[in-house]
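Good morning, colleagues. Please turn to the structure on the screen, and I shall take you through some of its helices.

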Amino acid sequence: MAQVLTGFSSISTEDVRRAEDRLRVRRTRQNHSGWLRRLLLAWLLVGPGILVMLGDNDAGGVLTYATTGAQFGLGFFLPFLLFLMTPLAYVVQEMTVRLGAVTGRGHAELIWARFGRFWGWFSLTDLALGNLLTLVTEFIGMGTGLAFFGVPLQIGVPLSAAVVLGVAIFGRYWTAERLTLGLAGFNLVFVPVALLAHPDPIQVTKAFVSFSLPGGLTGAALFLIIANIGTTIAPWMLFFQQSAVVDKGLTEQDIPHGRLDTAIGSIVMGIIAVAIVIATGATLHPAGKNVSDLSQADFIRALVPFVGGTGARLFALGLFEAGLVAAITINLSTSWAFGEVFGWAHSLNSRIHEAPWFYLLYIVSIVIAAATVLVPGAPLELITLMVQLVATLLMPPALLFLLLLLNDRELMGKWTNGRWANCFSALIIIALLGLNASYGLTVLFPHLLPS
Amino acid sequence: MRNNMVSLEELQALLREEGRDRKPLGRMPMQRWSLLSLWALRLYVVAMFLLFGVKFLQMAGIIG
């Protein structure tokens, strides 16, 4: 290869490795037809969509869904998550596929270039801070999951950090993506946990057709609605999927497969979210367990009498995996964003010495987050609140920038948003603003809604 | 050459297809509604910072 490229100093290892991956796509298009072609192309082109969605079911998300089930049982939140949040996640993330494939640029780079330094810095700082804090919560999740198997936190957390580091340093996008996809498969362990909870099928079916919120709109219900939305669509997801689409080298021709990838990911994400709500909604809720103040470890222990040791171990494994995949994806979104904005080499196809800043940021973030968890008396409650604050703050701006970019005809050409996509996105932004404002009001006036 | 190795011609074609020879981007031409939405966004950001600032002060016990 080196011989072939002699004299072409502008072509990096990154380009060559991406081109090798793209060549497989091109040859599949040329040499195969029918269902085999579709199957092979799907295998080659899926990845970013599934990863972003399963990364989104992170350790904090697992706890949010579990708390939701325990507090509200098998009611409102099942159809809310499956019929409302799953399509919503698809609609938002599909836009990043188009934006990445058409422009060949990441989200941070586009905000910086098209909206200037103020919004560029705002988005980047918010993303970096939010991701770092979220990363801390992922390490808490991973450590708690491993602790259930008898691994002390002091060993579990560094071990988790080593795995998060190890996945990204192969110098090949394809390898990192497939490894993470393999790990993300363990997210499905929550489905057997839900089955072990022996939910009443009639009650589950009824839950899906009734959209009523038991007890009406209380402060706790509003908080959980916002938390569930915040868990399903998060700012880092926009940055991650767009950058992953660019690093994978998807083009306009691949957009249908990018859509398929995103659809598969969002459906699986919805099913897993529902499984977690069922697991606690069919067990802890009828038993009247108060779980609002439980830590992740206590949550797993509280499940043992209902789903047995096997169910609890699967839940712990799922929690570890959720934290692991989220740590990889969330952290990558930061490194990609900084690389795009500051012009560093920023590809998983680059070796460490070829993209030193990209990998250094990835490593430093992991070390800081893991070390924070191990510090005795670290303000973890404050960190959790900060995660929520930053996510709440950044989501409407991130969505607005996404919408503006998708309407940028100069940038998007024939892939510019249609009227329906614009209406749906505008509705999402207005709904988010409304919910955030309501939550803000309940912060200022705690007795505004019934407790 | 291994089956999955790239010839120079293929590499150049793939890089072109991928749009890696792109030009630098300028600022987005703003329409009235884009400008309005960005101003609304500024107000939103300030409001949310104030609201959550109150929450932090409450958590720190500085205000009741």
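The crossing of α5(A) and α11(A) is right-handed; a crossing carries that name if the near helix is turned clockwise from the far one by less than a right angle, and is left-handed if the turn is anticlockwise. What we are looking at is a predicted model, in which local features need pLDDT of at least 70 and side-chain atom pairs count only at pLDDT 80 or more, while totals for chains, interfaces and linings use all residues. Residues are numbered from 1 along each chain as its sequence is written, with chains lettered from A and ligands numbered from 1 in the order in which they are written.

To return to the pair, α5(A) packs against helix α11 (residues 219-232) of chain A at an angle of about 40°, and their axes are 10 Å apart. Axes here are lines fitted to C-alpha atoms, for helices over the stretch in contact, and angles run from 0 to 180 degrees between N-to-C directions. Helices (H or I, at least four residues) and strands (E, at least two) are DSSP runs, numbered from the N terminus.

Which residues make the contact of these two helices? On α5(A) they are Phe77(A), Phe80(A), Leu81(A), Met85(A), Leu88(A) and Ala89(A), and on α11(A) they are Asn228(A), Ile229(A) and Thr232(A); contact requires C-beta atoms, placed from the backbone, within 7 Å. Seven of these residues are nonpolar, two polar and none charged. Ala, Val, Leu, Ile, Met, Phe, Trp, Tyr, Cys and Pro count as nonpolar, Asp, Glu, Lys and Arg as charged, and the others, Gly among them, as polar.

Helix α5 (residues 77-103) of chain A has another partner, helix α12 (residues 235-248) of chain A, at an angle of about 35° and with axes 8 Å apart. The crossing of α5(A) and α12(A) is right-handed. Its contact includes Gln93(A), Thr96(A) and Val97(A) of α5(A), and Met237(A), Leu238(A) and Gln241(A) of α12(A). The contact of α5(A) with α12(A) divides into seven nonpolar, five polar and no charged residues.

Let us move to α7. The 16 residues of helix α7 (residues 153-168) of chain A should span 22 Å at 1.5 Å a residue, and the end C-alpha atoms are 23 Å apart, which agrees; the expected span is 1.5 Å times one less than the number of residues. Gly156(A), Val157(A), Ser160(A), Ala161(A), Val164(A), Val167(A) and Ala168(A) of α7(A) are buried. They lie on the same side of α7(A), because they cover an arc of only 130° around the axis, taken from the directions from the helix axis to the C-beta atoms. A residue is buried if 20 or more other C-beta atoms lie within 10 Å of its own, exposed if 12 or fewer, and partly exposed in between, with C-beta atoms placed from the backbone. Among the elements covering the buried residues of α7(A) are α6 (107-147) and α8 (173-184) of chain A. The face turned away from the buried side of α7(A) carries the exposed Gln154(A), Ile155(A), Ala162(A) and Gly166(A).

Finally, a loop residue. His198(A) lies between α9 and α10 (201-209) of chain A, and is exposed, because 11 other C-beta atoms lie within 10 Å. Phi of His198(A) is near 45°, a positive value in a residue other than glycine. Most residues other than glycine have a negative phi.
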